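User: Got a model open here. Can you walk me through it?

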Amino acid sequence: MKLKNHSGASKRFKRSGSGKWMRRKAGMRHILTSKAPGVKSRLSGPAEVRKEDRTSLSRLLPYK
């Protein structure tokens, strides 16, 4: 039987060109005026998913 991707996880996680799972960093959605520029710079850009979470992600997104 064909498996389906988890729609919530497919919106939040992507594969990089080398096959790593990438995610967005938390804390960049609102209340940005009170955050220092260095904090906002550090939070911008993608981050790699931890090793412990990769197996669950592969189960949620079998075709990505």
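User: Is Glu52 buried or exposed?
Analyst: Glu52 is exposed, with a relative accessible area of 51%. Exposed means over 50%, buried under 20%, and partly exposed in between (1.4 Å probe, protein chains only). A caveat on the source: this is a predicted model, where local features need pLDDT of at least 70 and side-chain atom pairs count only at pLDDT 80 or more, while totals for chains, interfaces and linings use all residues. Residues are numbered from 1 along each chain as its sequence is written, and side-chain values use heavy atoms, with hydrogens and water left out.

User: Which residue forms a salt bridge with Glu52?
Analyst: Arg50 does, with the closest N and O atoms 3.9 Å apart. A salt bridge here is a side-chain nitrogen of Lys or Arg within 4 Å of a carboxyl oxygen of Asp or Glu. Arg50 is exposed, with a relative accessible area of 52%.

User: What else does Arg50 pair with?
Analyst: Asp53, in a salt bridge with the closest N and O atoms 3.5 Å apart. Asp53 is partly exposed, at 32% relative accessibility. Salt bridges with shared partners join Arg50, Glu52 and Asp53 into one network.

User: How many salt bridges does the structure hold?
Analyst: Three. Another one joins the side chains of Arg54 and Glu48 at 3.0 Å, N to O. Arg54 is partly exposed at 33% relative accessibility. Glu48 is partly exposed too, at 37%.

User: Why can such side chains pair?
Analyst: Side chains of opposite charge can pair when their charged atoms come close.

User: How many bridges join strand 1 to strand 2?
Analyst: Two, and these strands run antiparallel. Arg15 has Trp21 of strand 2 as its bridge partner.

User: And where is Ala36 found?
Analyst: In the loop between strand 2 (21–24) and helix 2 (37–43). Ala36 is partly exposed, at 39% relative accessibility.

User: How far apart are Ala36 and Thr55?
Analyst: They are 35 Å apart in space, C-alpha to C-alpha, and 19 residues apart in sequence.

Conventions:
Helix = DSSP H or I, 4+ residues; strand = E, 2+ residues; numbered from the N terminus. Pairing = 2+ DSSP bridges.
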